[in-house]
Number of protein chains: 2
Amino acid sequence: MLGSTGSIGTRTLEVARHLGNHVQVVALAAGHNTTLLSHQISEFHPRLYYSLHPDAMEAGGSISASLLDIVTDEAVDTVVIATSGNAGLEPTLVALRNGKTVLLANKEVLVMAGALVMAASRESGSLLVPVDSEHSALWQCLRGESGGVRRLLLTASGGPFHHYSGEQLINITPDMALAHPVWSMGQKVTIDSATLMNKGLEVIEARWLFDTPFERIDILVHPDCIVHSLVEFVDGTIKAQLSQPDMALPIQYALSYPDRMEGFLPPLDWDTIRTLTFEPVDDKRFPCLQLARDAGEAGMTLPAVLCGADEVAVSLFLQGQIGFADISTVIGRTIEAHQPVANPDLSQIFEADDWARRFATDYRTHRWFTSPGISKTAQEEE
Amino acid sequence: MLGSTGSIGTRTLEVARHLGNHVQVVALAAGHNTTLLSHQISEFHPRLYYSLHPDAMEAGGSISASLLDIVTDEAVDTVVIATSGNAGLEPTLVALRNGKTVLLANKEVLVMAGALVMAASRESGSLLVPVDSEHSALWQCLRGESGGVRRLLLTASGGPFHHYSGEQLINITPDMALAHPVWSMGQKVTIDSATLMNKGLEVIEARWLFDTPFERIDILVHPDCIVHSLVEFVDGTIKAQLSQPDMALPIQYALSYPDRMEGFLPPLDWDTIRTLTFEPVDDKRFPCLQLARDAGEAGMTLPAVLCGADEVAVSLFLQGQIGFADISTVIGRTIEAHQPVANPDLSQIFEADDWARRFATDYRTHRWFTSPGISKTAQEEE
């Protein structure tokens with residue numbers, strides 16, 4: 001598992017603990033959180049581990065190894081990519097090319113390099129399993145079906161600001177944005193969820209995972225977070241997947257697939273649910289959604305630029321440098337300024353991502369926020 | 001198709017018309033409605049037809065044949081059982097034993113003779129396809145899954161009287177009961193839907209179709225009739241099937257299976273749906289549900305008695321002979337008086353059904369309605 005100390009990583013290890021003998025942890029990899037990684041190693045006794053600071057670690061009998069050594073190790077049959085940002089990209093490609101089943105929880109991998117990843121899976125016959133709750137739901141609804149799909153309906157919680165006016169959206173603070181009503185996630189994902197960029201990235205992922213054109217992928221706001229996504233078939237039938245909003249469920253399904261094993265969460269309690277609500281999504285108030293769709297549809301290096309610029313913009317917002325409504329401006333302007341490269345290879349994808357990060361970080365020099373539509377926060381700072 | 005002039009039969013022909021060349025109508029069978037059957041024959045030109053009154057028919061070049069000739073005809077690969085009551089039982093068994101795929105829309109077939117029907121399907125390898133919206137939904141949710149089912153959740157509209165008190169239920173008239181809020185169905189099914197006997201019969205059907213014990217089949221009241229049923233898996237995941245409440249959808253799925261073909265109904269419109277509501281079912285106010293579960297669980301000839309007594313009780317209610325709340329009394333008392341036969345063959349099942357009809361029709365001689373709990377309607381008549 002790559003990214004064992006993050007929110008998906010720790011939940012995956014809880015599922016692994018629950019599944020007992022069905023899962024054997026061969027290797028754990030993490031970045032800076034050496035304390036938690038040491039704890040995980042002492043519980044799961046992986047043969048291999050990777051750490052950014054191997055010298056500062058208690059690793060028992062585990063052997064320090066590189067990420068690529070880990071994902072090509074003979075004892076590994078399944079690689080869980082629970083990293084964030086672009087860190088999971090190369091290991092995913094290498095794992096797939098080496099015949100490993102890849103459980104993918106890292107959105108940017110498919111967004112940045114969907115064509116390369118799907119080609120690697122196709123050419124080696126390696127299974128790519130979605131761990132995101134929405135894509136797991138779609139994958140479960142498509143199980144056993146043989147075509148006839150009219151459209152994919154990704155559900156969105158709508159984020160905490162779904163009912164905010166354009167004016168209200170401008171004054172959102174990082175603290176407000178970090179308080180997600182249902183899912184407990186990392187900071188970056190929580191802000192992406194509030195801007196709906198998260199959903200935009202998921203649309204691009206769905207396009208690759210299920211080979212479905214963008215015009216047949218729609219979003220349905222569902223604040224209850226019980227229905228995780230739906231598939232509409234050409235005959236008018238819809239299949240939906242429902243469960244508690246807890247990543248343990250898609251993680252366990254991915255680990256136990258094609259079997260289903262006893263879960264450790266209580267089942268949905270219909271006495272307390274009573275109603276499920278759905279609303280259309282408003283692209284206008286949440287421009288990140290359209291930015292993602294456009295970048296995904298144009299392809300080339302644009303989705304990598306989308307990811308890089310988004311990471312910088314979210315970080316600037318969390319540091320109080322720009323306002324909530326400026327996030328989409330930073331991303332949009334960076335995309336506009338990019339010279340896209342067609343059919344990029346991995347290094348060109350990383351270059352585009354790097355360029356976007358540098359360009360977006362220099363947002364002050366571009367003087368974007370002296371133009372009309374500027375947010376108050378950024379305006380006052382200028 | 002057997003029962004071509006009933007509500008399922010006519011809808012099936014509309015679907016067949018829509019599917020065009022994908023479906024060829026080889027034979028049509030109906031009872032008394034010779035006018036409609038003649039119209040159907042002139043449109044679909046079946047080679048064979050069956051009518052209770054062949055001499056009173058315009059049948060063009062179609063040849064009058066017996067039901068058993070029809071379901072064993074070489075040109076027939078799929079038999080649609082759209083009859084009602086016990087009429088579909090023998091043709092279903094004969095069709096399955098002759099290797100025909102059977103599309104089953106006649107509830108009583110599985111309720112009365114589930115063991116015989118499932119054995120016929122198993123032994124010949126013939127596919128038995130549910131056409132009921134709930135069972136089609138379960139079958140679709142189970143498609144491609146390999147076990148791991150915790151329970152089946154049949155949805156129920158709750159009928160028009162779901163929120164009535166016990167007192168209010170006593171004063172329901174036939175006209176009130178025939179006004180179903182969502183589904184447009186035959187009279188018998190509409191009353192069964194109001195008493196929830198319909199749902200009780202569906203529980204017994206599900207027990208046979210999906211080889212699932214009664215304690216793992218539950219009911220969820222869902223007045224919107226959009227979610228047609230749900231499957232809960234051991235991992236805590238639920239799959240649901242949703243669509244317009246229109247029999248054209250399960251009929252088309254059954255006809256096109258395993259493919260899905262373009263439907264002719266508009267898809268679900270999420271802008272107008274907005275909420276889906278669910279409520280627990282109240283077995284106490286709707287005793288027919290428990291009567292059905294008990295008869296199903298006890299097995300033997302008791303489910304046949306349940307069906308026979310229900311048909312008489314509904315008919316007595318529609319004629320104004322007994323009150324709404326007396327329907328369950330007539331059925332329950334008839335079941336109590338029955339001497340069940342274990343592992344019945346077809347003739348013993350029919351005998352039990354006959355006995356139940358005679359016994360229930362004689363309800364006045366049993367003086368059930370002089371006891372406490374008697375309904376006002378029946379009391380005044382006595």
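This is a predicted model: local features need pLDDT of at least 70, side-chain atom pairs count only at pLDDT 80 or more; totals for chains, interfaces and linings use all residues.
View 1. The contact between them draws 18 residues from domain 1 of chain A and 21 residues from domain 2 of chain A. About 1700 Å² is buried between domain 1 of chain A and domain 2 of chain A, with 73% of that area on carbon and sulfur atoms. On the side of domain 1 of chain A, the residues that lose the most area to domain 2 of chain A are K107(A), V111(A) and M112(A). Together these three account for 38% of what that side buries.

**View 2. Polar links and elements where domain 1 of chain A touches domain 2 of chain A.** Two salt bridges are counted between domain 1 of chain A and domain 2 of chain A. A salt bridge joins the side chains of K107(A) and E202(A), with an N to O distance of 3.4 Å. Three residue pairs are in polar contact between domain 1 of chain A and domain 2 of chain A, with both residues of each pair at pLDDT 80 or more. On the domain 1 side, at least two residues each come from α4 (89-97), α5 (107-124) and β6 (128-130) of chain A. The most come from α5(A), which gives ten residues to this side. Sorted by class, the residues of the side of domain 1 of chain A that touches domain 2 of chain A are eleven nonpolar, four polar and three charged.

**View 3. The salt bridge of K107(A) with D132(A).** The closest N and O atoms of K107(A) and D132(A) are 3.1 Å apart. K107(A) belongs to helix α5 of chain A and D132(A) to the loop between β6 and α6 of chain A, so this pair ties together parts that are 25 residues apart in sequence. K107(A) also meets E202(A) in a salt bridge. Over all chains, the count of salt bridges comes to 45.

**View 4. The axis that relates chain A and chain B.** The C-alpha of chain A nearest the axis belongs to G144(A), at 1.8 Å from it. Both copies use the same surface, as 100% of the contact residues of chain A recur in chain B.

**View 5. The interface of chain A and chain B, with 43 residues from chain A and 43 residues from chain B in contact.** The buried area between chain A and chain B is about 3800 Å², and carbon and sulfur atoms give 51% of it. D235(A), R260(A) and W270(A) supply 19% of the area that chain A buries against chain B, more than any other three residues. Eight salt bridges are counted between chain A and chain B. A salt bridge links R260(A) to D235(B) through their side chains, at 2.9 Å from N to O. The interface of chain A and chain B also has 24 residue pairs in polar contact, both residues being at pLDDT 80 or more.

**View 6. Elements on the side of chain A that touches chain B.** Two or more residues each come from α6 (133-142), β7 (149-156), β9 (227-233), β10 (238-242), α11 (248-256), α12 (270-273) and β11 (275-277) of chain A. The largest share, five residues, is that of β10(A). The side of chain A that touches chain B is made up of 19 nonpolar, twelve polar and twelve charged residues.

**View 7. The cis peptide bond between Y257(A) and P258(A).** Omega of this bond is about 5°. P258(A) sits in the loop between α11 and α12 of chain A. In chain B, a cis peptide bond joins Y257(B) and P258(B), with omega about 5°. P258(B) is placed in the loop between α11 (248-256) and α12 (270-273) of chain B.

**View 8. The positive phi of D211(A).** Phi of D211(A), a residue other than glycine, is near 45°. D211(A) lies in the loop between α10 (197-209) and β8 (217-221) of chain A.

Key
Residues are numbered from 1 along each chain as its sequence is written. Chains are lettered from A and ligands numbered from 1 in the order in which they are written. Side-chain values use heavy atoms; hydrogens and water are left out. Contact means heavy atoms within 4.5 Å. Buried area is the accessible area (1.4 Å probe) that two parts lose on being put together, summed over both. A salt bridge is a side-chain nitrogen of Lys or Arg within 4 Å of a carboxyl oxygen of Asp or Glu. A polar contact is a pair of N or O atoms within 3.5 Å; within protein, one must be able to donate a hydrogen and the other to accept it, and residues adjacent in sequence count only if both atoms are side-chain atoms. Helices (H or I, at least four residues) and strands (E, at least two) are DSSP runs, numbered from the N terminus. Ala, Val, Leu, Ile, Met, Phe, Trp, Tyr, Cys and Pro count as nonpolar, Asp, Glu, Lys and Arg as charged, and the others, Gly among them, as polar. Copies are superposed by least squares on the C-alpha atoms of residues with pLDDT of at least 70 in both.
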